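Please open the structure in a viewer and keep the selection tool at hand. The stops below are arranged so that each selection leads on to another.

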Amino acid sequence: MALLTVQDLRTYFHTRNGVYRAVDGVSFSLDRGETLGIVGESGSGKSVTCYSMMGLIPQPPGRIESGTALFDGVDLLRCSPEQARGIRGKRISMIFQDPMTSLNPYLRVSEQLIEPLMIHEKITKDEAIKRGLAMLEAVGINDAARRIHYYPHEFSGGMRQRVMIAMALITKPELLIADEPTTALDVTVQAQILELIKRLQKELGMAVIFITHDLGVVSGLCDRVLVMYAGRVVESADTRTLFYHPRHPYTRALQRSIPGLQPKGSDLFTIPGLPPDVSKPIAGCAFSPRCEHAQDPCRQRDPALAELAPGHRQACLRVQAGELT
Amino acid sequence: MDDAILQLNDVRTHFPIQQGFLFRRQVGTVKAVDGVNLALKRGEVLGLVGESGCGKSTLARTIMQLVPTTGGTVVLEGRNLTACSVDEMTVVRRDLQMVFQDPYASLNPRMTVFAALAEPLLVHGVCKGDEVVARVTELMKTVGLAPRFMQKYPHEFSGGQRQRIAIARALALRPKIIIADEPVSALDVSIQAQILNLLSQLVRKMGLSLVFIAHDLSVVRHISDRVAVMYLGKIVELGPAADVIDHPQHPYTRALVSAIPTANPDAERSRQRIVLAGDPPSPINPPAGCAFHPRCPHAQEKCKVAFPPLVPSGSREVACIRLGEI
């Protein structure tokens, strides 16, 4: 049985300027121990999808309009606050993009690190500190016994992200949601953090949802990938299929616009125009105004995800009709 | 070099660290740029890469003379900028313009596009009256913005469009050199490609020289003719972009290249990644000898003695004394 099943999730933001359809009908599932990448440009709804499951959407202006998110049989969108507290921070943990702002600057790392343990487990402070130390060592912080008593500003960016990871994993969660955890870091530090997440995932056997805009990060880390555009999933497949045989025009365009091995002097492939404004109703396929293959039906009919091959689903009408190869 | 438009000779930019409230005293120095020799040719794109804190942005600001230089000379077409007065610099800056990383912060939110683009023209007195409108129209077309947006404010534009405005403003005075400090890092992949294409078209069409600072090596490889890799204020490898990035020689460049994730799952899973231990050391107290030796997998005792100079190695220059051995 899948660990997490999200069905038809819709999260809208009701603002004075209109209704922003940040997430508009997202469905996916995740098995135990699996790594799922969610890729998309800014504003595509990848973070809001995960924030909705974690109950981190400010309401109002946000509202979860429909959908279910079953985590091991419990609907995260409708469970009681007590149930949610038992799951969040214990069975599902999250790490955020900016390690500078997600640690409390007034508290020593030791206090923050053991907070999830003190809340979720019957444990004395001494024992919690002991487990905190072990966790800091596991994430590669040298001299942990001394540094556990430091304040966050005494750590570098990469070290703070390690502290965040230690804090997220200290309760041995079954699911880790990582929201662009390496975007703010240098490439050499990013490589360290990715290796660390990979290793700890194997050791703890947890599932990971990895949100990123960087296709390169996904390719080495994830088993399966969802590509999001304007609040919807446009393609989902296992990583190899998605990279070597992408079918949706947006996925293809995204891959072609990465500066890779094109000869110098040749122009990069670009997607014309801008991502759509999700505060206005979108007729038909959201990508159609920028798509080189768009035809009249694309601008009228709402495309739905359809299975092309087992495990490979995509939402382009023309691919589904067999008109595009 | 005859065709060099800009020449940096042993440029050093140090910042004092001061402590104390009533009696401020200097307790140390940050050697942000420490002995850089570099020549930029006409019409060349020079990529400048390195981790955060390696001094690449300070080097850009030193070239622009936005920070005082501690030592060395910055020579633009025979004129030493470090000896220029403020008035002389105003004239020089026509030839030397900059594009910054964050297009949300580099445009004044209270100025329309027209006002932002007209300002340099009026300050330098290069256009009068109707000519200003004509020049602004021309500039907007050059960077791919419709001139009808002239009276709009920055908040009405997306990130990519704002970066186009920033580029148009840098082009306003027909500079010879543009220094772009991480111009695409804040943009999405699809928009990033548009801005990269625009920059390389401008270089080709206008014969500009471009110093392109970035931390993304695949972007740098695509746009640059030559690449300089910086580590703790010094250049450790310098050479043709494709050579340096496809066949790096300095151990630091090797690690940097191997750290970039590629959009190729099979290659990604099979390749041996050199994961550097630790963070970049602080420029306040750089390690003795080669600054990279504490993180270098090939370091030996002799690496701790003196900083290795850049020595020619084929088409490039590399600063590593163990180059022949590794």
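Two remarks on conventions are required before the tour continues. This is a predicted model, in which local features need pLDDT of at least 70 and side-chain atom pairs count only at pLDDT 80 or more, while totals for chains, interfaces and linings use all residues. Residues are numbered from 1 along each chain as its sequence is written, chains are lettered from A, and ligands are numbered from 1, in the order in which they are written.

Arg174(B) is placed in the loop between helix 5 (159–171) and strand 7 (177–181) of chain B. Helices (H or I, at least four residues) and strands (E, at least two) are DSSP runs, numbered from the N terminus.

Next, select Glu77(B), where phi is near 45° and again positive in a residue other than glycine. The loop between strand 4 (71–76) and strand 5 (79–80) of chain B holds Glu77(B). This residue is partly exposed, because 13 other C-beta atoms lie within 10 Å.

Now move to chain A and select Gln59(A), Pro60(A) and Pro61(A). The peptide bond from Gln59(A) to Pro60(A) is cis, with omega near -15°, and the bond from Pro60(A) to Pro61(A) is also cis, with omega near 10°. Pro60(A) is found in the loop between helix 1 (46–54) and strand 4 (62–71) of chain A, and Pro61(A) has its place in the loop between helix 1 and strand 4 of chain A. Most residues other than glycine have a negative phi, and most peptide bonds are trans.

**Chain A as a whole**

The C-alpha atoms fill a box of roughly 65 × 50 × 40 Å along the principal axes. Buried residues account for 47% of the 325 residues in chain A.

Colour chain A by domain: domain 1 covers 4–91 + 171–320 and domain 2 covers 100–170, with bounds from an automatic or database domain assignment. Their C-alpha centres lie 29 Å apart. Across the boundary, 15 residues of domain 1 of chain A are in contact with 13 residues of domain 2 of chain A, contact being C-beta atoms, placed from the backbone, within 7 Å. On the domain 1 side, helix 7 (residues 187–204) of chain A gives the most, with six residues.

**Strand 10 of chain B**

Strand 9 (residues 226–231) of chain B pairs with strand 10 in the antiparallel sense over six bridges; pairing requires at least two DSSP bridges. In this hairpin, which has two residues between the strands, Leu232(B) takes a positive phi near 45°. Strand 10 of chain B also pairs with strand 12 (residues 316–318) of chain B, in the antiparallel sense over two bridges.

Centre on Glu237(B). Val229(B) stands opposite Glu237(B), and Val318(B) is the bridge partner of Glu237(B) in strand 12 of chain B.

**Where the chains meet**

Finally, show both chains. Here 30 residues of chain B are in contact with 36 residues of chain A. Helix 6 (189–206), helix 7 (217–223), helix 9 (251–259) and helix 10 (265–270) of chain B each supply at least two residues of the side that touches chain A. Helix 6 of chain B gives the most to that side, with six residues.

Technical notes: Two residues are in contact if their C-beta atoms, placed from the backbone, lie within 7 Å. A residue is buried if 20 or more other C-beta atoms lie within 10 Å of its own, exposed if 12 or fewer, and partly exposed in between; C-beta atoms are placed from the backbone.
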